[in-house]
Amino acid sequence: MPEKRVPVAAALTCLLIAATACGAGHDEPDRIEGNRTAEPTQVADIRPEPAVTVDCLHTIGTYPAPTSASTVFLGDVALETGRRLRTAEAGTGDQHPLFAKAGLMVRNGAAVDIEVLPAAGNGTSIGWGNGLPSASSVRVPGCTTGSTEDSWAAFPGGYHVDRPGCVTLVVRSRGLQTKVHIPVGADC
């Protein structure tokens, strides 16, 4: 009897559905060390190209692991979530009056997109890298630092806001996404 073959796209779709079903049924966000939270991981939405691509030459260092103040999301992105970030007056010409400095760490070779979700009454943008404009979304294009595969590249930057508040980001990497809540000048 001839063997039936399933088209590749259908097989991949079934595999993807099975992989995401493992996390289904959670009514609460996944807990991460104390007050650090992320919403459950989902298959990433297809989004337009991010507004700004971070230049790999803008790294300020390479580290063997993220700092202890950071939380790792999707295995590729480390953001500081464990404390309220301090805001200060932004520089002249910035579209938002307040800035909270907080670096971004990305695993060596990982391509990631980070998008800030709009909050009612609080304009927000994000930006990492030297001299790049802040935007509603950024991409780190898979920078390789020449170090080990497990090393992490650090980028300077942070959050630009109209007023202190909880900033919600969508982090995307390897076909997955999760929401992250960052306390910028106020608790989440």
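Buried here means under 20% relative accessible area, exposed means over 50%, and partly exposed lies in between (1.4 Å probe, protein chains only). The model is predicted, so that local features need pLDDT of at least 70 and side-chain atom pairs count only at pLDDT 80 or more, while totals for chains, interfaces and linings use all residues. Residues are numbered from 1 along each chain as its sequence is written, and side-chain values use heavy atoms, with hydrogens and water left out.

A search of the whole structure finds 2 disulfides (pairs of cysteine sulfur atoms within 2.5 Å). With the bonded cysteines of the protein chain numbered in sequence order, the pairing is 1-2, 3-4.

| Pair | Sulfur to sulfur |
|---|---|
| Cys 56 and Cys 143 | 2.0 Å |
| Cys 166 and Cys 188 | 2.2 Å |

The disulfide of Cys 56 and Cys 143 is left-handed, because the torsion about its S-S bond is about -85 degrees. This pair links distant parts of the chain, 87 residues apart, with Cys 56 in the loop between strand S4 (52-53) and strand S5 (61-63) and Cys 143 in the loop between strand S13 (137-141) and strand S14 (152-155); strands are DSSP runs (E, at least two residues), numbered from the N terminus. Cys 56 is partly exposed at 29% relative accessible area, whereas Cys 143, at 6%, is buried.

For Cys 166 and Cys 188 the S-S torsion is about 95 degrees, so this disulfide is right-handed. Cys 166 lies in strand S16 (residues 165-173) and Cys 188 in the segment after strand S17 (176-184), so the pair ties together parts 22 residues apart in sequence. Cys 166 is partly exposed at 32% relative accessibility, and Cys 188 is exposed at 57%.

Methods
Helices (H or I, at least four residues) and strands (E, at least two) are DSSP runs, numbered from the N terminus.
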